[in-house]
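Dear colleague,

Please find the structure below, handed over for your own work. My notes on it follow directly after.

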Amino acid sequence: MKRVAFFDTKQYDREWFDRIDKSFEIKYFEEKLNSENADLAKGFDGAIAFVNDKINSKTIKILAEGGVKILAMRCAGYNNINFKSAHENGLKVVRVPVYSPYAVAEHTMALLLTLNRKIHKAYNRTRDFNFALNGLTGFDLNGKTAGVIGTGKIGQIFIKICKGFGMNVIAYDPYPIENPDFEYVDLEEIYSRSDVISLHCPLNQYTHHILGADAFSKMKSSVYIINTSRGGLIDSEALLNALKSRRIAGAGLDVYEEEASVFFEDCSDTIVNDDILARLVSLPNVLLTSHQAFLTEEALKNIAEITIENLEDYFAGKPLKNQICYDCCNGGTTSNCG
Ligand code: NAD
């Protein structure tokens, strides 16, 4: 029987992966996959990994030397993989391109609503029988302009949600969709016209720090930035400076540039060494969630089903419909080579 090493296991992953019948055996490891522990997969045929695993050339070499032939990402993003090295070492990479864009788009709106209407503050106040409203004023979303960067699966659903709230939507994407019911503009216009800016593009060499000091300097001072895509899209230090100087009004972040060592873990009993993160958490106009936008029952079920199907296809010698190839990722933005 084929064997697959599952890295960075959380109880909610295991629950869904164990429910599904499969022709191979899974061994669960709590460790995040990196070059220090990739040898845990020695003798396995495949490995399953996640967003914050460090899948660099060293990790890949150890996996390949240990017999792993296929790496199944149980996520959509793949910016943490060295594809050149995977290609050179004959390691195929598959992913789950869509599991629930609704989960992420809805969480994006949840962050915006919570931040704008200060629900997190009201919750803490009323639990302490503090029923005062001072400091809780928000603004109507109706009639405001949402600037959406990236109009793929998640971006399009978020746009629909914004329209349901009566917002005007402007968007930027180098690959625009046909017949949009919103206006495509360039990034400069996104910055200058938006009341809310939401990121829904992938992280790659072109989008790294797409929002930095220069972008913040062109925005309305009342703008809220929402990022449920990838932390590296925002220059965190520049964001912190823009927030501290009130250059922008607030930020709702589900992802963070340096999230790998802290997100998904309980660090409540440790001293977090990341001063930018600590300062961001301390600001009243910042709302942080720990990369949980995907976390719905529907998404977890789909992730488990598609990951298992990807592996079954590989072991059965069938075509890999969710493979990501080196050529596609080598400087391009096309995410799937089919
Ligand atoms: P998608 O591939 O359907 O859409 C991405 C869009 O971004 C595409 O339309 C593409 O043309 C566009 N794009 C590419 N380069 C761009 C650029 N330079 N500027 C603007 N747009 C650009 O992907 P999706 O399923 O909508 O997911 C979007 C992102 O959401 C993923 O890349 C992933 O990083 C993130 N994500 C986060 C979570 C979470 O839990 N927080 C879960 C899933 C996905």
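Which residues does Asp53 touch, not counting residues up to four places away in sequence? The contacts are Phe7, Asp8, Lys32, Leu33 and Asn80. Please note that this is a predicted model.

Asp53 itself is found in the loop that lies between S3 and helix H2 (57-65). The residue is buried, yet Asp53 has no salt bridge. Arg74 is the nearest side chain of opposite charge, at 5.0 Å; a salt bridge would require a side-chain nitrogen of Lys or Arg within 4 Å of a carboxyl oxygen of Asp or Glu.

Turning to the sheet, 5 strands make up an open arrangement with parallel pairing, in the order S2-S1-S3-S4-S5. Strand S2 (25-28) and strand S5 (92-94) are the edge strands, and each of them pairs on one side only. From one strand to the next, the twist averages 25°.

Two helices that pack on this sheet deserve mention. Helix H1 (residues 11-19) touches strand S1 (3-6), S2 and strand S3 (46-49), and the direction of H1 makes about 170° with that of S2. Helix H11 (residues 297-315) packs on the sheet as well, in touch with S1, S3, S4 and S5; the direction of H11 makes about 160° with that of S4.

With kind regards

Definitions and conventions
Residues numbered from 1 in each chain as written. Predicted model: local features only at pLDDT ≥ 70, side-chain atom pairs only at ≥ 80, totals over all residues. Heavy atoms only, no water. Pairing = 2+ DSSP bridges. Helix = DSSP H or I, 4+ residues; strand = E, 2+ residues; numbered from the N terminus. Axes fitted to C-alpha atoms, helices over the stretch in contact; angles between N-to-C directions. Contact = heavy atoms within 4.5 Å. Buried < 20%, exposed > 50% of the residue type's maximum accessible area, 1.4 Å probe, protein only. Lys, Arg positive; Asp, Glu negative; His and termini not counted.
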